[in-house]
Amino acid sequence: MSRIKVRRKPEYSEVVYDEDHWKLLNEFRQRAINIMKAFTSKGVETYLHGSVARGDIWVKSDIDIVILRKIPGYLVELILDEMGIKPYARYIVAATPTTSLKAVIVLDEEERISISFPLVEYKPREIEFYKYGGILAFDELLEGKRVAGVNKNLVLIIPTVKGHLEAPVIGYEDYTAKLIGIR
């Protein structure tokens, strides 16, 4: 795994997506829609999180589907079973000792498609984490929306019609928080 470096350039830069990028983004989003549709039909609200929600994907991007409310694990498994999906792996994760436990169900061998959900209700700051990285509701995904968020390099991604703008987060934390809608 390569090390991720924080970018510190103080200016905006524009990234224009080519046809292949748009095609790949649509493929990733269609996979997410197919999974999220099954959950929505059962009354379970799901969200798309991260690069696929923002649009700044690459060939090895993850499709991260999240459920923000506590839900019984058997219900998630039942919906997946009805879809004919056999989970590849299951994890219980705590990002830090003080964060809520969450379950992560991995749907593929490469561990690039996952569904996560809290085992206890998330704290408000934990929900803000998802907003920070960029999060889309199912109906927003169907509308083709993309959302601003911060990537793993601590670069703010702001979607545009042609692609996205990039800006550093370091030194611009207040601006980033305001733009994304977190405190």
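**Exercise 1. Decide whether Gly149 is buried or exposed, and find how far Gly149 lies from Ile180 in sequence and in space.**

Step 1. Gly149 is buried because its relative accessibility is 0%, where buried stands for under 20% relative accessible area, exposed for over 50%, and partly exposed for what lies in between (1.4 Å probe, protein chains only). The model is predicted, so local features need pLDDT of at least 70 and side-chain atom pairs count only at pLDDT 80 or more, while totals for chains, interfaces and linings use all residues. Residues are numbered from 1 along each chain as its sequence is written, and side-chain values use heavy atoms, with hydrogens and water left out.

Step 2. Gly149 belongs to strand 8, which covers residues 149-150; helices (H or I, at least four residues) and strands (E, at least two) are DSSP runs, numbered from the N terminus.

Step 3. Along the sequence, 31 residues separate Gly149 from Ile180, and their C-alpha atoms are 6.4 Å apart in space.

**Exercise 2. Describe the largest pocket by its volume, its lining and the elements that contribute to it.**

Step 1. The largest pocket holds about 1200 Å³ of space. A pocket is an open set of points on a 1 Å grid over the protein atoms alone, where a 1.4 Å probe fits, with protein on both sides within 12 Å along at least five of seven lines, and lining residues have an atom within 4 Å of a point. The volume is the space filled by probe spheres set on the points, which are joined across faces, edges and corners.

Step 2. There are 40 residues in the lining of the largest pocket, and those nearest its centre are His49, Asp62, Asp64, Phe129 and Lys152.

Step 3. Two or more lining residues come from each of helix 2 (51-54), strand 3 (63-66), strand 4 (89-93), strand 5 (102-106), strand 6 (113-118) and helix 4 (124-133). Helix 4, with five residues, gives the most to this lining.

Step 4. By residue class, the lining of the largest pocket is made up of 19 nonpolar, eleven polar and ten charged residues; Ala, Val, Leu, Ile, Met, Phe, Trp, Tyr, Cys and Pro count as nonpolar, Asp, Glu, Lys and Arg as charged, and the others, Gly among them, as polar.

Step 5. To complete the picture of helix 4, its buried residues are Glu126, Ile127, Glu128, Tyr130 and Gly133, and just after helix 4 comes Gly134, with a positive phi of about 100°.

**Exercise 3. State how many salt bridges the structure holds, and work out the surroundings of those formed by Glu82, Asp56 and Glu110.**

Step 1. The structure has six salt bridges, a salt bridge being a side-chain nitrogen of Lys or Arg within 4 Å of a carboxyl oxygen of Asp or Glu.

Step 2. In the salt bridge between Glu82 and Lys42, the closest N and O atoms are 3.1 Å apart. This pair links distant parts of the chain, 40 residues apart, with Glu82 in helix 3 (residues 73-82) and Lys42 in the loop between helix 1 (19-41) and strand 2 (47-49). Glu82 is partly exposed at 49% relative accessibility, and Lys42 is partly exposed at 46%.

Step 3. Asp56 and Arg54 join their side chains in a salt bridge with an N to O distance of 2.8 Å. Asp56 counts as buried because its relative accessible area is 15%, and Arg54 counts as buried at 6% relative accessibility.

Step 4. Glu110 and Arg112 form a salt bridge in which the closest N and O atoms are 2.9 Å apart. Glu110 is exposed, with 51% relative accessibility, whereas Arg112 is buried, with a relative accessible area of 16%.
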